[in-house]
Amino acid sequence: MSDRDALRERRRVLLLFAISVLPPFLLLVALGLVALRNDEAALTYVEQERARQAAEKARGRLLAALERAEASVFAAFTPSAIEALEAGGPQAEATARALRDEHPLAAALFVLDGGGHVLWPAPDLPFLDPVGVPVPNERFAVSEGQDFRRLAELQALYDRAVVDQRGGQNERAARALRVVCEDPEATPTLAARAAFRLAECLLAQGRQEEARRAYARAAAAEEAVRDDELGRPLRSEAREAIVRLANEAGRREEAVRALNEFAQALLGGGLRGDLREDEWFAAVARAAALARGLEEGELARRLGQRSEQLREVLRWTRLVEREAEALLLQALRSPGEPRTHVVAGRPPTLLSCKARGEDGRPRLIGFRMDPERLARDVLTPVCAELSTNEGATVAVLDAGGEVRAHGAADEAVDLAGGTAVKLEPLPWEVRAVRPTAALEQARRNRLLLYGSLIVLSLASALVGAAATIRYVSRSLELARMKSDFLSNITHELKTPLTSIKMYGEMIAAGRLRSDEKRQEYASHIVREGDRLQKLIENVLDFARQDSGQHDYVLAEEDVADTVREAIDLFRLSAKARGFDLYVDLPPVGALPPVDLDRDAIVRSVLNLLSNAVKYSTDRRYIKVTVRREDRALIAVAVEDRGIGIAAEDLDKIFERFYRAGDELTRGVSGAGLGLALVDHIVRAHHGQIQVESQRGQGSVFTILLPIVEDYREQWPPPEDPDPAQEEEATERAGSA
Ligand code: ADP
C-alpha cells in the first residue's frame, strides 16, 4: 500500500468518525444547555414560590397582630370613658390623656354620634365659626325709645367725618367724631366706631395721649364691633393699638399690662364674638411678636403653644368630620369589630374605628394610629419571629418603598429579589426574601454537573477519535509492513536460488577445467544453501511463534559455552568477509548456569552477529562479550562499528517486519524478522534485550539472561571447593 493510499484511508476514517460522533456530541451539548436553562428557571420559580408563601403567611400573622392591638385599645374605651369624652371640658381632656398614655398606639381619639356628628374632640374655640361672621353694616340697629332724628344726624355727621378723614382733614374729622362718640343718643356700635376713627385722626395729628384714650373707649365697647368699611374687628385692634402706643411712648409697664389684658382676652374667650378663625390666629401671632418685643418670653410661648394646639385640634376635628360618613358606613358593615380605615394623603392617616350601641345611643369610637408605634411595637416583633422561623427575611414597606418594620438580624436589610403581597387594609406591603446562599449553591451544583457531563462526553469523543486513528494507523502500518515482507522474502529466496542454480549448472555441464574452480563453485553453492536455510529457519520460527506453537526446552546451561557454539558457526563467514572478530568469554563453568534452550539462544546470537555483518560498511569490527552483569543476570553483548541506528528507531526495531527506514539499510537484504525473533526468544527465557547505538558509530546489542535462582548467591556451589581458574580468551580471526 502506498503512502498516499494510507493518507487517503486515514482521512476517510477521520471523516467517518466526525460524521458518526460529532453530531450526537453537539446534540448532547445543546440538550445540556437547554436543560441547564430550564433548570435555572425552575429553581428560580421554586424560590419565588417559597418567598410568596412566606409573605402570605406573614401577612396573616401581621394582620392578626394588628387586630389584637386595636382590640386592646378599644377595651379601654369603657362606657364611662366615652361619657366623659362626650361631656368635654377638662375632665374629657384628662380621660383622653390617660387613655393615650396607657395605649401609645392611639395618638388621638374621636367619638361620633349615630348621625356622624363629632362629639369628641370638642374644642372650646375662642373665635367665631368662619360661617357665622356677622354682617358689619347694620347701620340703624335702633333700640326702642331712641331719638331717631338725632341718631340720623349723628350718623350723617359720622359719614361726613369719614369723608374728611379720607381727604386728610383730620382736625375737622376729629371734631365731628368727638361729638358723635360723646353723644348719649349714639348707639354703642356707632359710638365705638367713632371713637376708633377719632383715635386714628388724633394719631395722624401726633396727639398720642388723646388717641390712646379714644382707643380705650373703642376697646371698652360692650359687644363686638366691626368697622363699617372693611369689617375690621375694632375692639381687638384698639387693644392692640393701646399696647403699641404705650410701647412707643416708652411706658413699658403700661405696655406690658395692656398686652397681658389683650392676651387674656384672646386666649380666655374675652374676644370670642369679635374674631374669625383666621383673624384670631393672626392676632395671636401679632400679640406673640409684641410680647417678644417687650421681652415677655413666657407670654409669647403660651400664645404660640395655644395657637399650635388649637391648629392641631382643628385639623384632627376636620379630618374626623370629613371621614365621618365613610367611617360610619364601614362600621355598619361589621358592627362591634375594630376596623382599620385609611385616609389618603402623604403620608396616609391610619384610623381605627368601632361601632358601639349601649343604651340605645349609637356611637362610633376610634383613634388615630401612630404609624411609628404600630411598626415598632406591633409589626416588628412578628417580623422578627417569622424571619427566624420561616427561612426568609420578612419586612413591611410603605408605598414609598421605605422599610417600616423588618426581621433582619442587622440593620442593613437587603430586600432585593423578594416577593411582596399587599398588607391591606394597611397601605403597606409585606415582602419576604429568601437567603440567596442556598439558591447560589444549587445553581453552582447544576452548573458543575452539566459542565462536567459536557466535558466528559467531549473527552470521551476525543479519546475515541484518538484511539480510532491510532488503531487504523497501526493496521495500515502492519499491512504495509506485511506487503514489504512478502516482496523482501521473495527476493531473499530468489537470490541464493539463482546462484545455486547457476553454479550447479556450471558444474553439471562439466566444463570446469580445474578441480579448484569446481571446489570454489561447490563452496559457493554450500554458502548460498546456508543462507537459504537460515532464512527459512527464521521464517519457520516466526510462523511457529505466530501460531503460538513454539515450545522451548530449557535446561541448565553454561552461557559462555552456548555463545561459543554460535561463534564457531559464525567464524568462517566472518573471516570470509574480512571482519575482525574479538571474543571475550569466561572459561566454561566460571559463570553460574542459566535455564536456556541452547538452540534458540545460538540462533539469537547468530541473528545478532549476522546483523552486525549486514549493517557494517568499512569498519569491519565485531566483538562478542559474555559477563556477569549483576547478582541475577548474565549479559551477552554483540558490538559492531557499523552504521548505527537513529534514536527514533531504537524502540521499533524489535517489532516484526520493522526495518529502520534508511537508504543504507534499504540496500541490505532482510525481512525485519531477526530482532523480533531474538526479542521473543529472550522474553521466553525471562530475560530482555537492550540496544545502545549511535548513528555512524555502531551498535551494541545486549541479551540479559537470568541466573538460576539457587546459584545467584554462591557459585560455584559450596561442595565444590576448587574454584575454576578464570581464563580469558581473546581470539583474532580473519585478519587476513
Ligand atoms: P532485518 O535485518 O532482516 O532487516 P532485523 O529484525 O534483524 O531485520 O532488524 C531490524 C532493523 O534493525 C534492521 O532493518 C536494521 O535497520 C536495524 N538493525 C538491526 N541490527 C542492526 C545493527 N547491528 N546495526 C544497525 N542497524 C541494525
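His686 sits in the loop between helix H18 (674-684) and strand S15 (688-694). In this predicted model, His686 has a positive phi of about 60 degrees, although it is not a glycine. Most residues other than glycine have a negative phi. His686 counts as exposed because its relative accessibility is 66%, and the cut-off for exposed is over 50%.

Glu295 gives another case. Its phi is near 60 degrees, again a positive value in a residue other than glycine. Glu295 lies in the loop between helix H10 (277-293) and helix H11 (297-333). At 68% relative accessibility, Glu295 counts as exposed.

The backbone also holds cis peptide bonds. Most peptide bonds are trans. The bond from Trp120 to Pro121 is cis, with omega near 5 degrees. Pro121 belongs to the loop between strand S2 (118-120) and helix H4 (148-166). The bond from Arg346 to Pro347 is cis as well, with omega near -5 degrees. Pro347 falls in the loop between strand S3 (339-343) and strand S4 (349-356).

Now step back to the whole chain. It contains 18 helices and 16 strands. The radius of gyration is 66 Å, while the globule rule gives 27 Å for 736 residues, so the chain is more spread out than a compact globule. Along the principal axes, the C-alpha atoms fill a box of roughly 205 × 65 × 60 Å. Of the 736 residues, 42% count as buried. The accessible surface comes to about 40,700 Å², and 52% of it belongs to carbon and sulfur atoms. Among contacts with a separation of 6 or more, 68% join residues 24 or more positions apart.

How confident is the prediction? The chain averages a pLDDT of 85. A score of at least 70 is reached by 93% of the residues. Over residues 722-736 the pLDDT is below 50. That stretch still has 29 contacts in the model beyond near neighbours in sequence.

Next come the rings. A search of the whole structure finds 11 aromatic pairs. One of them joins Phe74 and Phe77. Their ring centres are 5.9 Å apart and their planes stand at 35 degrees, so the pair is tilted. Both Phe74 and Phe77 are buried. Ring pairs link these two residues and Phe367 into a cluster.

Phe654 and Phe701 form an edge-to-face pair, because their planes are at 75 degrees with the centres 6.4 Å apart. This pair links distant parts of the chain, 47 residues apart. Phe654 is in the loop between strand S14 (633-640) and helix H17 (663-666), and Phe701 is in strand S16 (residues 698-706). Phe654 is buried, with a relative accessible area of 16%. Phe701 counts as buried at 8% relative accessibility. Both results follow because buried means under 20%.

The charged end of Arg641 is over the ring of Tyr621, 3.7 Å from its centre. Arg311 lies over the face of Phe281, at 4.3 Å from the ring centre.

Last, look at Asn607 in helix H16 (residues 598-614). At 12% relative accessibility, Asn607 counts as buried. What does Asn607 contact, leaving aside its neighbours within four places in sequence? Its partners are Asn538, Gly674 and Val678.

Terms used: Residues numbered from 1 in each chain as written. Predicted model: local features only at pLDDT ≥ 70, side-chain atom pairs only at ≥ 80, totals over all residues. Heavy atoms only, no water. Phe/Tyr/Trp six-rings, centres within 6.5 Å; stacked < 30°, edge-to-face > 60°. Buried < 20%, exposed > 50% of the residue type's maximum accessible area, 1.4 Å probe, protein only. Helix = DSSP H or I, 4+ residues; strand = E, 2+ residues; numbered from the N terminus. Lys NZ or Arg CZ within 6 Å of the ring centre and 35° of its normal. pLDDT = per-residue confidence, 0-100. Contact = heavy atoms within 4.5 Å. Rg over C-alpha atoms; globule rule 2.2 N^0.38 Å. Areas by Shrake-Rupley, 256 points an atom, 1.4 Å probe, with all protein chains shown as cover.
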